[in-house]
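Colleague: I would like to learn how to read a model like this one. Please take me through it feature by feature.

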Amino acid sequence: MPAWQERRRRGELRLWQTRLNASEHAIGESLSLGGRKYSVIGVMPDEFNLPLAAELWAPLALTPAEASERGTQPLLVIGKLRRGVSSKQADAEIGAIARDLQQRYPRTNEERGALVTSFRESMKTNSDAFILVLAGAALFVLLLACTNVGSLQVARTMARQREFGLRGALGASVSRILRQLLTESLVLGLVAGGLGLALANWDLQFTRTTIPVMVYRFVPGLRAMRINGDAVILGIVLAIVVSVLCSIPAVLQVIRQQNWADSNEVLKEGGRSGSSPSRSRIRSVLVIAEVALAFVLPTGAGLMVSTFRQMLSVNLGYDPNNVLMGEISLYGSEYSKPDRVASLYTSTLAGIAELPDVDAVAAFGSSSGPSALYIEGRPQPRPGEPEPEIRAATPGYWRALRIPLREGRWISEQDSPDAPRVVVVSEFVARHYWPGASPIGQRIRLGNSGSNWLTVAGVVGDRNDWFLGRPLPAAYVSYRQFPRPAMQVFVRTSHDPENLAAAPRLAVNEVDREQPVYNVHTLQQQMYEETSGVRNAARMMITYAVIALLLAITGIYSVTSFFAVQRTREIGSSGGTIERCCESG
């Protein structure tokens, strides 16, 4: 079966399958993107996910105006190092180019540098921390299972002393008996390893069904998660290593307790395996170890799950309930004019606001990243100071998301391109740069020293990062003074927001049918998908804790039961000896 057919069977190759019907004749077909016509020249494999969540790639054809615009730098630059060139050498060369650009274009590049970093480092996500925690929990479960098996093997070895003594009396060497123990342990380990791989594959398939599509799109390599040949080989090697480690206590027990020089003594004492003080100490140590390990992982899992619950219950700083959101990216030469961009969003939001059950509607567009903040009359910001994200917002943004106004005023329709430029900062920014004072009326610059001066008009509440639980520094500007072609639209309703899922598309179509509205979903759904990793991690931690508890209970019961049986035999043997003594007396 060809590779593309196999990927089609698995439901992959998203855009090719959903928009082009997975046609083998898609090459050469025409697509319309933002009023421009494009011809399909190839289909990328589904595993190719760069940039994250991208589903189509078009040539970078900049207009003369776009090519000469140095203030906006939205491009992601990727390069491959020449053979023999280190990242430090590349970093030094790129740094020299950045310094030259600073001298040639001081207005836009004065505060801009360049840094070379590995692609792997740039793609790291918060999922790495979860993987390390879960791997540690899995290793602990493996340690507990090894302790159980090792304890049972020691107990079983103690019960087989007469067997080993008889083998020794018949001429078996110590190495032969030890090889028997190792072989038994290897068979047990390989069978358990095969069962573990089967259960892991089942759990992986179940976990894949619980991961939202959005997470697949934004976590690199997650779609390729499967039990492959490397995992099977690692499982077999791990089973062999664990088998050997589990048999070491039994091997040491045989070497220490078996007196191969006098097999008769071993045969005589074999029936009284639980009577000596040393064996009683071994029994006590095994049971104590089982009990101790039984509480470690469940306790740690409980603390971890409690931490996860606190992360999920963090105050976001806004209300995500009953909010529908969608994304718009304007394409076409006509939207190179700022007033045309602002006009489309004004008309679109006005059309949505007229619909019944709509309480508020707003939009905002973010800059490409955090920006340095300069305050008039103060020195340049120190390294490490918080850099707010610039958000071009419409006047109804605070009402749509219910972000509280702390001081001053919000963005209004009077903040037109001809009006003085204003900015509204978040509470965290205000506390940091103006501690104990009001920032209202202060003038700041965002981005670099060549940007426009902005007057602080208000202070609003913080939006908090749910994962880290800390506020996100932000600065809000008027969408009319700083229009963004790409913006997110928020619609707050008094009923189920999914009933208005078609509203953003219809409103945009009334203004320009060529402009797409995509990624329409509720804000609650987005939060659910973003936090799915935490919930899955909590589920797996609870699963590990339950497995550990069952292993510990089984191990404790098995060890104590085994020694109880041994003592019962000993008591029965002693009773028979006393009875014979009484009869002879």
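**Reading the model**

Modeller: Start with N519. With a relative accessible area of 36%, N519 counts as partly exposed. The cut-offs are these: buried is under 20% relative accessible area, exposed is over 50%, and partly exposed is in between (1.4 Å probe, protein chains only). This is a predicted model, in which local features need pLDDT of at least 70, side-chain atom pairs count only at pLDDT 80 or more, and totals for chains, interfaces and linings use all residues. Residues are numbered from 1 along each chain as its sequence is written, and side-chain values use heavy atoms, with hydrogens and water left out.

Colleague: Where is the place of N519, and what is its phi?

Modeller: Most residues other than glycine have a negative phi. N519 is not a glycine, yet its phi is positive, about 55 degrees. Its place is in strand 15 (residues 517–522). Helices (H or I, at least four residues) and strands (E, at least two) are DSSP runs, numbered from the N terminus. R402 also has a positive phi, about 60 degrees, although it is not a glycine. R402 is in the loop between helix 15 and strand 7 (405–408). Its relative accessible area is 49%, so R402 is partly exposed.

Colleague: How many helices and strands are there in the chain?

Modeller: The chain has 19 helices and 15 strands. Of its 585 residues, 37% count as buried. Now look at contacts (heavy atoms within 4.5 Å). Among contacts in the chain with a separation of 6 or more, 76% come from residues 24 or more positions apart.

Colleague: What span should helix 4 have?

Modeller: The rule is 1.5 Å times one less than the number of residues. Helix 4 (residues 87–104) has 18 residues, so it should span 26 Å; its end C-alpha atoms are 26 Å apart, which agrees.

Colleague: Which residues of helix 4 are buried?

Modeller: A90, G95 and A98 are the buried residues of helix 4. They cover an arc of only 135 degrees around the axis, which puts them on the same side of helix 4. The arc is that of the directions from the helix axis to the C-beta atoms. On the other side of helix 4, E93, Q103 and R104 are exposed. The general idea: an α-helix has 3.6 residues a turn, so residues three or four places apart point the same way.

Colleague: Which residues are buried in helix 18?

Modeller: In helix 18 (residues 523–530) they are L523, Q526, M527 and E529. Their arc is only 165 degrees around the axis, which puts them on the same side of helix 18.

Colleague: How many aromatic pairs are there?

Modeller: Rings of Phe, Tyr and Trp (its six-membered ring) pair if their centres lie within 6.5 Å; planes under 30 degrees apart are stacked, over 60 edge-to-face, the rest tilted. That rule gives eight aromatic pairs. Y397 and F490 form an edge-to-face pair, 6.2 Å centre to centre, with 70 degrees between the planes. Y397 lies in helix 15 (residues 397–401) and F490 in strand 14 (residues 486–493), so the pair ties together parts that are 93 residues apart in sequence. Both residues, Y397 and F490, are buried. One aromatic cluster is formed by F364, Y397, W410, Y476 and F490.

Colleague: Which ring face does R421 lie over?

Modeller: A charge sits over a ring if NZ of Lys or CZ of Arg is within 6 Å of the ring centre and within 35 degrees of the ring normal. R421 lies over the face of F482, at 5.0 Å from the ring centre. R463 lies over the face of Y318, at 4.5 Å from the ring centre.
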